[in-house]
2 protein chains.
Amino acid sequence: MKKNIGPVNALYPMPVVLVGAMVDGRANFITIAHVGIFTLETISLGVNRSHYTNRGIRENRTFSVNFPSDGMVVETDYAGLASGKQTDKSSVFEVEFGPLKTAPMIKNAPVSMECGLLDVLDYGNHDVFVGRAVNTYADESVLKNGVIDLAAVRPMLFDMFQRKYWRLGGPFADCWSVGKNYAGGKK
Amino acid sequence: MKKNIGPVNALYPMPVVLVGAMVDGRANFITIAHVGIFTLETISLGVNRSHYTNRGIRENRTFSVNFPSDGMVVETDYAGLASGKQTDKSSVFEVEFGPLKTAPMIKNAPVSMECGLLDVLDYGNHDVFVGRAVNTYADESVLKNGVIDLAAVRPMLFDMFQRKYWRLGGPFADCWSVGKNYAGGKK
């Protein structure tokens, strides 16, 4: 028996990312999990307009999306607690740049996307940045046959309900495959 | 050492959902994981325009977002393989309705959001449906102190790299808290 718990957004867990941008000539990073996928290539980042990073993304029309492993949880959570207005977050992470030049990436994140901005959508007090990767960088240790292996990435997942970070469990079925075993009947 | 693997969208894993809509007077469901969060309340669904469900969402301006548990993997994957154009997917799931009347929900999904449509964004060959919950329903068995407990939901997570469904692991740190332990230094 289901209970009406009100107009709750239940779309969790979501992957935790560190978004990088240049603000006032300095690399800045913000931790968010209100992210999304529009098309196979196009992603979205929902960022409260009060954040320092937003201006850098608008000005340079570039940003990075870095995927921290669970071993980076203290620094990642810290980047969500401290504002770039007061704190130089380029001192928290080793930074590197790709050909876009203005999308600072976190060297020790196992995977980083170097992105170009397509659109900025206006939703309430949030900017929704829409973009896509120009280059994606993955540590050799997280590649299996040239493809990203999430078991090796050890991503952090965000749960707004209990305000916890979760680890990923294991794979248990093949997509576009296991459904072929459906034999009729109602679930 | 990171390797450039090209312009890969690396924003995985993402939660797998079954989106429900009424099409030609019949409940239809589609499996997607290209979802997102814009603001605390606002969510997005990226759906290829070729899908049957899109017309129902546009016409009624309502939809549901149902979260299958891992035990529903066969039916959930099947709903992604079979098109509503050929298959009556209302026969795959027990359906129920809330006050919106035109947002069919899956009775046996542990959590369902009954949503109103705010916007339809045009991205390439995809409709991006933007909406928010009017009511959210959760099975008593997945509520802990009135809040959704992901360990009980047992959500399915989607990995485009290896084309696998994954289980959620365990919680390992508190958000907006563990970062207070940051003692300086670079990661």
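**Strand pairing, core and chain contact in a predicted model**

Visitor: In this predicted model, how many bridges join strand β5 of chain A to β6(A), and in which sense do the two strands run?

Guide: Strand β5 covers residues 35-37 of chain A. A hairpin of four residues leads from β5(A) to β6(A). Within this pair, Ile37(A) stands opposite Ile43(A). The two strands are joined by three bridges and run antiparallel.

Visitor: Why is strand β6 of chain A described as largely enclosed by the rest of the structure?

Guide: The strand comprises seven residues, 42-48. A residue counts as buried if 20 or more other C-beta atoms lie within 10 Å of its own. Strand β6(A) is largely enclosed because the number of its residues that are buried is six of the seven.

Visitor: How does the radius of gyration of chain A compare with what the globule rule gives for 187 residues?

Guide: Chain A has three helices and 15 strands. Its radius of gyration is close to the value from the globule rule, so the chain is as compact as a globular protein of that length. The two values are 18 Å for chain A and 16 Å from the rule.

Visitor: What percentage of the contacts in chain A between residues at least 6 apart in sequence join residues at least 24 apart?

Guide: The C-alpha trace of chain A spans about 60 × 45 × 30 Å along its principal axes, and 51% of its 187 residues count as buried. Among the contacts between residues at least 6 apart, the share joining residues at least 24 apart is 62%.

Visitor: Which residue of chain B does Phe158(A) touch?

Guide: Phe158(A) is among the residues with the most contacts inside the largest nonpolar core, which has 114 residues. Nonpolar side chains tend to be buried together in soluble globular proteins. Leaving aside residues up to four places away in sequence, Phe158(A) touches several residues of chain A, including Tyr12(A), Met14(A) and Tyr165(A), and from chain B Cys175(B).

Visitor: Which strand gives the largest share of the side of chain B that touches chain A?

Guide: The contact takes 88 residues from chain B and 88 residues from chain A. On the side of chain B, eleven residues come from the strand with the largest share, residues 164-174. This strand is joined to β15(A) by seven bridges in the antiparallel sense, with Trp166(A) opposite Pro171(B). The strand is β15(B).

How values were computed
Residues are numbered from 1 along each chain as its sequence is written. Chains are lettered from A and ligands numbered from 1 in the order in which they are written. This is a predicted model: local features need pLDDT of at least 70, side-chain atom pairs count only at pLDDT 80 or more; totals for chains, interfaces and linings use all residues. A residue is buried if 20 or more other C-beta atoms lie within 10 Å of its own, exposed if 12 or fewer, and partly exposed in between; C-beta atoms are placed from the backbone. Two strands pair if DSSP finds at least two bridges between them. A nonpolar core is a set of buried Ala, Val, Leu, Ile, Met, Phe, Trp, Tyr and Cys residues joined through C-beta atoms within 7 Å. Two residues are in contact if their C-beta atoms, placed from the backbone, lie within 7 Å. The radius of gyration is taken over C-alpha atoms; the globule rule is 2.2 Å times the number of residues to the power 0.38.
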